[in-house]
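Please keep the sequence and the coordinates at hand while reading.

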Amino acid sequence: MRTSYQDIKAEVMNRIRQNIWPPGAIVPGEIDLAKEFGCARATVNRAMRELVAEGVLERKRKAGTRVKSSPTRRAEFAIPLIREEIAELGAAYRYVLVDRNVEPAPVWLRAKLDVPTGADMLHIRCMHFADSQPYQYEDRWINLAAVPHARDEPFEEMGPNEWLIRQVPYTDGQLRFSAIEATDEVAEYLDMPKGRSVFMVERTTWLEGQSVTFARMHFPQGYSMTTRF
């Protein structure tokens, strides 16, 4: 039977759990493992690369591969569709475009997205409702150099997040979670007193090193987010 990289990953994890390879232990080299498992070195390499990415192993030049002393696990986030999230609550979804403008990237955004001075950005503000109650206020910037066809999209019927998920792939992303006091703008759209705490998610995505979008999503009190690790 052919040995797959999944088989190798499973066996490495089994040896770590049984303390055959305890935290800090050096794992045999790829050539030795390929000989042991009777497979190509490339198969072992893929298994080891995935275990490094998942925080189980660590690699250092000239020092080999070790079991991490404090293994970490990578949290997995799927970019949610607000429409589906609200439907799962049994509520009726409604989307409203607040405004849509093409603007030069402000200084703070140029630094965050590494775009040049004068770069055109599509700035969209919109609301998502659940049973006519404010559910999310979205403030989003789209890099038109990365997504030029967004310039002609009106975003009157579909929110920018849902449109981007359907239209544009991404290779990297970053999430930041904060509890903030509602500004005048956020308080107005979420229909709450200014200064009340809101949950804010900042999300940035890239495609092969080029920034695609930066968004701030604001939620009223009571919202919760779940992930797996």
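Asp139 is found in strand E6, which spans residues 133-143, where strands (E, at least two residues) and helices (H or I, at least four residues) are DSSP runs numbered from the N terminus. The model is a predicted one, in which local features need pLDDT of at least 70 and side-chain atom pairs count only at pLDDT 80 or more, while totals for chains, interfaces and linings use all residues. Residues are numbered from 1 along each chain as its sequence is written, and side-chain values use heavy atoms, with hydrogens and water left out.

At 14% relative accessibility, Asp139 counts as buried, a class that means under 20% relative accessible area, with exposed meaning over 50% and partly exposed lying in between (1.4 Å probe, protein chains only). The side chain of Asp139 makes a polar contact of 2.6 Å with the side chain of His123; a polar contact is a pair of N or O atoms within 3.5 Å, of which, within protein, one must be able to donate a hydrogen and the other to accept it, and residues adjacent in sequence count only if both atoms are side-chain atoms. Beyond its neighbours within four places in sequence, Asp139 is in contact (heavy atoms within 4.5 Å) with residues including Arg125, Glu185 and Phe214.

Arg125 itself lies in strand E5, residues 120-130, and is buried, with a relative accessible area of 16%. Its side chain is joined by a polar contact of 3.5 Å to that of Tyr137, and by another of 3.3 Å to that of Glu185.

What covers the buried residues of helix H2? The cover includes helix H1 (5-17), strand E1 (26-27), helix H3 (41-53) and strand E2 (57-60). Within H2, residues 30-37, the buried residues are Glu30, Leu33, Ala34 and Phe37. Seen down the axis of H2, these fall within an arc of 100°, so they line one face of the helix, the arc being that of the directions from the helix axis to the C-beta atoms. An α-helix has 3.6 residues a turn, so residues three or four places apart point the same way. The face of H2 turned away from its buried side carries the exposed residues Ile31 and Lys35, and just after the helix Gly38 takes a positive phi of about 65°.

Charged pairs come next. A salt bridge is a side-chain nitrogen of Lys or Arg within 4 Å of a carboxyl oxygen of Asp or Glu, and by this rule the count comes to 16. Glu11 and Arg15 meet in one of 2.8 Å, N to O; both lie in helix H1, 4 residues apart, about one turn of the helix. The side chains of Glu138 and Arg140 meet in another, at 2.6 Å, where Glu138 is buried with a relative accessible area of 1% and Arg140 is buried with a value of 1%. Arg151 forms a salt bridge with Asp120, the closest N and O atoms being 3.2 Å apart. Arg151 lies in the loop between E6 and helix H6 (160-167) and Asp120 in strand E5, so the pair ties together parts that are 31 residues apart in sequence. Arg151 is partly exposed, at 38% relative accessible area, and Asp120 is partly exposed at 34%.
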